[in-house]
Structures are given as structure tokens and as C-alpha cells.
Amino acid sequence: MKRILLFAFLSMGLVACGSDSSGGGGNPIVASGLQNAQRADLSGQASVFTGNLGSGVTFTFPAVKDQGYLISFQSSDSSDQVVLDFAGDDGTGLKSKTVDSGDTYQYTHIGKSQHVLVIARPRNPFNTAIDVTSLTITGRGSFPEDAVHVNFVVAGKHTGYGSFGDMATTADQAAFTTAVMQKVQQHFAQSGIAISFEGFAYTADQVKAQNPSLIGPDDMALCAAGETVGSSGFGLVQTQGLDAWGDLGFDKTDPDFDRSRGINLFIVHHFSNDGTVGLSPRPGVLIGRGPDTALCVATFLQQGSTLIPRTADEVALVATHEIGHFLGLLHTTTFTPDPLRPSEAIDDGVSDTPECLVTTDVNGDGRVGIGDGCPDETNIMFYQSGPMQTVFSQGQSQIMRNLLSLQEH
Ligand SMILES: [Zn+2]
């Protein structure tokens, strides 16, 4: 069975940051990385940590551009103070703030949407006896959490696809769109999120007029991709290719509300690097077009000089996985420095996704992944794609719903 990467991992030379790097920005916090980071419950109901703070704890949450998050800290001694250090997914320090026991701090996320890593540590490093009674983060809005719209755009030509008449006519494109999106809707049913969609097609000439670099030979639409694991243990998505597609999304002033507040999903011919079949910002922005507003899924897998067409069901699974990223989910396990020779398997911090401790290529297929005994390989957010993947956990579903509640749509 052919196993497909949802993300490619670049050559090992590019993974330069060790997992114990202190990262950029002079921020000391990322040493503990993502491995032990709690995944914050953005409803603010569950405490991300209670008990003895010791030298500090790490937690993470998906931060959407321009959204505010409330962080509340309480301890048994009202004179306690903690410092909250915020770092981006590449380990760069973003902000640092001292908070008194009993206070709430509003963190507003400026700049690119990304998973933010936070350490809460004693302001006085010698005060390692702080007894935390409550540490919560609230990122909940009032927008619908049970529905999201997808602008499904077939881009360029898909000559040689085989089925759906190579998507040469409007009717063929519509049939493909429906086949893929019905399957996506089925995958999402377990999460309590209803997916609506509208189908579109851009000709190669239309795309070219906006950005010639997105069209290759034979009018094929292309997306550039790449991912490395950063010093903080996050998989860092290279988003330049996605952002170029994001410029072709629907504007926030579009008179059709759903289009203006939907996920722009572009069906491209293939990715310009081997092994990748989908890419998404993590998380994405629902409103309008531009950076972080688009995800790409390919109809063909590139392997060297070969292009292998993907079935509608395979495209649908990848689309589901990428929408999961768009709505704030990480891979259930991140292998660092890469899945070829991992020294560490980093958990996503979601309490009800099984933790994979495997770092050995048990089945000898050259990488640690499907078939090596990871209990999360049936989860839709496993990093590799296979036909057995059907599961979003309840925790993952709640994260996606929280993200939806924050953004007008
Ligand atoms: Zn992924």
C-alpha cells in the first residue's frame, strides 16, 4: 500500500534547530518545547494547570490574527506573581507579561495566525512553591461553532486525471466537487460541524493573470510547500505558496456573506515538492482573502518524475485533514527532527488523542508512521494519510468549534 505524506519534510539539513534550542528573541522559554505543553481549553472552563508551579509550566493554543484571549491566574497566596512568556511556533519570543494572582490579562495576537506557546513561570525564580488554583485561557466568541462554509475552487487543468472527465467541463468539475465535499461532510459529522460549500473553477489564464508563478506547464496549477520542525517542536509550514493562493480568495467585501467568510480551498494539480498532497495554515483566517485564508489540496501526487492521480475519496480525506489544521489542530504526533530518523515523538497535548511513543521504523518502510504501531494512526490528524483514517476526537472537535466561535462567519 502506498502511503502518502500530508506534508513533506524537507531535507534534514534544514532542520537546524535542536529541540533544546532557546530560540530567537532572547526568550528563554522554549527549551521545554511542545512535548509537555498542555493544550489549553479555550472555553476557559478547564484549568490548564493546577498545583505546584515549580519553575514553570508550558501550554499552547491556536492564536488567530487580531483575536483577543483572556488569561486568568489564581493562586493560594494573593501576593504571588507569574510571568507569562509568549512565543511563536518558530520559537521567537512575542511578548512577556507579569500577572498578579487574581488578575486577568488580555493577550491580543498581532501578526500571523499560529500556534502560540506560553510558559507561566514564577516572577521570582526562587519562589518555586506557588500553588496554582486556577490558570485558564478563554478564546471564545459568539459566532456559530457548528458550521463553516468552503469556497471550493478547481484551478487550472487536470488533464490525465482519469475520472470525472479530467475535469474538463463545468459539469465534470461540479461532479468532482460534490464527490469530494460530500465525503468531507461525512468526516466532519462526528465533530458536530456542518460543512456547506460552493463550487468554482478558475481557468489557468485567470490564475496566471493574477500570479503567473502558480501555473506550470500544460496549464497545471501548482502550490509550493514545505515543513520543518522548529526549536519549539512545532511543525513549521512554509506558507508563501499558500499565501499566493490566498490572494485569489474571496474578498471580505464580497456581497455573498458565506463566500466572504468561508475557507478558500484550492484544488491544484500537484505540489511543487515530492510527497505532499495538502497544505494549510494552522490556524487559518476565515475573513476575506490574503495571508492565512487559503488551503491547497492536490489531485496528483508528485514522486520524482511521476504524477499519480488521487481518488476523490483520497482528496476528501486530505481536504478534511487540512480543514482540521485551518480550524486549529496540530498533527496528533510530531516526529522530531523528522519522521525518517526521529529521536522524539511529540504529542499534540490534546487529552483524548492517543499518545504515540514509537520512534522506531518497525515495518521498515523508511520512516516512522503508519504501520509502526502508533495508536493515533487512525486519527484524521495523523501526519500521514491512509484509508483507515476516520477519527476526530471530542477534544479535537471542541478545539475546532472554539476556533469557529472566534471569527465572524
Ligand atoms: Zn497535516
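## Aromatic cluster and pairs

Phe61, Tyr69, Phe86, Tyr105 and Tyr107 come together as one aromatic cluster. The model described here is predicted.

In total, the structure contains 14 aromatic pairs. One of them joins Phe188 and Phe392, whose ring centres are 5.1 Å apart with the planes at 45°, so this pair is tilted. Phe188 belongs to helix α1 (residues 170–189), while Phe392 sits in the loop between β24 (384–385) and α6 (394–406); the pair therefore links distant parts of the chain, 204 residues apart. Phe188 is buried at 0% relative accessible area, and Phe392 is buried at 5%.

Phe335 and Tyr383 make an edge-to-face aromatic pair, with 5.8 Å from centre to centre and 70° between the planes. Because Phe335 is in strand β22 (residues 333–336) and Tyr383 is in the loop between β23 (344–347) and β24, the pair ties together parts that are 48 residues apart in sequence. Phe335 has a relative accessible area of 1% and is buried; Tyr383, at 1% relative accessibility, also counts as buried.

## Four-stranded sheet

An open sheet is built from 4 strands in the order β3-β10-β5-β8, and the pairing is antiparallel. β3 (51–52) and β8 (104–108) are at the edges; each has a single partner strand, so one side of each lacks a neighbour in the sheet.

The antiparallel pairing of β5 (residues 68–75) with β8 runs over 5 bridges. Within the sheet, Ser72 stands opposite Thr104 of β8.

## Ile308

Ile308 is part of strand β21 (residues 306–309). With a relative accessibility of 31%, Ile308 counts as partly exposed, since buried requires under 20% and exposed over 50%.

Leaving aside residues up to four places away in sequence, Ile308 touches Thr299, Phe300, Leu301 and Gln303. Lys65 is 243 residues from Ile308 along the chain, and the C-alpha atoms of the two are separated by 36 Å.

Key. Residues numbered from 1 in each chain as written. Predicted model: local features only at pLDDT ≥ 70, side-chain atom pairs only at ≥ 80, totals over all residues. Heavy atoms only, no water. Helix = DSSP H or I, 4+ residues; strand = E, 2+ residues; numbered from the N terminus. Buried < 20%, exposed > 50% of the residue type's maximum accessible area, 1.4 Å probe, protein only. Contact = heavy atoms within 4.5 Å. Pairing = 2+ DSSP bridges. Phe/Tyr/Trp six-rings, centres within 6.5 Å; stacked < 30°, edge-to-face > 60°.
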